[in-house]
Amino acid sequence: MLNEVDFFHLDSEDAKFAAFGIRKRLRINVRPLNLDCDPINPQKPFIIYNGDGYQHHLTRRIVRELSSKRRMIQLPPFSYLHIDGHDDLDSINKDNNTYRSFVQGIVCDQCCDGVYFLEEGLIGTRRNHPVLLTPKIEPSRLDWNKDLGEAKQNEVYASIDFDVLDEGAGIHHLFPQSPIGFGMHRLLWNIETLGQKYKFIGVDLVGFSIKGASEEYLEVSLDNIARVTRSMCQVLSAS
């Protein structure tokens, strides 16, 4: 399972710390990744350890580069799935490349065939299956439809921001949202259930931070990131 997936980390202190901790726990090789995404093989599933929430805008670049690589070898288009406590659609001074606005940038890039949000991550509504929402254009900003939908493409690239978790749910992050009952169990259930329906081609894990956390809680955080990694590997290798 683990040997069927490539692992990378970006260049931030938090990403390197997470990569080192996961390497020890799972005995995997986690390679450095530049923003050109040169080492990524678009025909093999992969996991990227990104930095804290302020680095989430780098997901836009990853999506763009992955799309370009896949088009070059005539692989089909993919959908983008955003699992996050925030929709990251808030354009700041018309800048669509910040940690608060990059999803709007992904929409504008049109490099993937559909952008989707996990409903439960945004508002906490629990159903007997994961539900996806789509962005819609409003006069002042992009928003998300409350109409329930499904990803247009079966192949999905996902970005998981650990601030989707309630504060104290097991992974230290900088932007806790109001508690909505979304803990590690709910995150893993959503990942594994979505994996039964869609073919996941890659994921980046973002939002983990070493800032302000005790040594003990950092170890707990790394244990839980390893759990998420294992769960994602099951989904990626089964796709």
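Me: Which strands does helix α2 lie across, and at what angle to β9 does it run?

Reply: Helices (H or I, at least four residues) and strands (E, at least two) are DSSP runs, numbered from the N terminus. Axes are lines fitted to C-alpha atoms, for helices over the stretch in contact, and angles run from 0 to 180 degrees between N-to-C directions. Here helix α2 (residues 58-72) lies across β3 (46-49), β4, β9 (155-161) and β10 (199-206), and its angle to β9 is about 165°. Helix α3 (residues 102-109) also packs on the sheet, where α3 touches β4 and β5, and its direction makes about 170° with that of β4.

Me: What should I know about the numbering and the model?

Reply: This is a predicted model, in which local features need pLDDT of at least 70 and side-chain atom pairs count only at pLDDT 80 or more, while totals for chains, interfaces and linings use all residues. Residues are numbered from 1 along each chain as its sequence is written, and side-chain values use heavy atoms, with hydrogens and water left out.

Me: What is the strand order in the open sheet, and which are the edge strands?

Reply: Two strands pair if DSSP finds at least two bridges between them. The open sheet has 8 strands with mixed pairing, in the order β2-β1-β3-β10-β9-β4-β5-β6. Its edge strands, each pairing on one side only, are β2 (30-32) and β6 (132-133).

Me: How many bridges join β4 to β9, and how many join β4 to β5?

Reply: β4 and β9 run parallel and are joined by 5 bridges. The pairing of β4 (residues 79-83) with β5 (residues 115-118) is also parallel, over 3 bridges. Y80 stands opposite Y157 in β9 and opposite V115 in β5. H82 has F117 of β5 as its bridge partner.

Me: What is the handedness of the unit made by β4, α3 and β5?

Reply: A crossover is right-handed if, with the strands pointing away from the viewer, the path from the first strand over the helix to the second runs clockwise. The β-α-β unit of β4, α3 and β5 is right-handed.

Me: Are the residues of β4 buried or exposed?

Reply: Buried means under 20% relative accessible area, exposed over 50%, partly exposed in between (1.4 Å probe, protein chains only). In β4, 5 of the 5 residues are buried, so the strand is largely enclosed by the rest of the structure. Both faces are covered, with S79, L81 and I83 buried on one side and Y80 and H82 buried on the other.

Me: How do α2 and α3 pack, and which residues meet?

Reply: Angles under 35 degrees count as roughly parallel, over 145 as roughly antiparallel, 65 to 115 as roughly perpendicular and the rest as oblique. The axes of α2 and α3 are 8 Å apart at an angle of about 20°, which makes α2 roughly parallel to α3. Contact means heavy atoms within 4.5 Å. T59, R60, V63 and R64 in α2 meet F102, G105, I106 and D109 in α3.

Me: Where is S67, and what does S67 touch?

Reply: S67 is in helix α2 and counts as buried at 5% relative accessibility. Not counting residues up to four places away in sequence, S67 touches F78 and C111.
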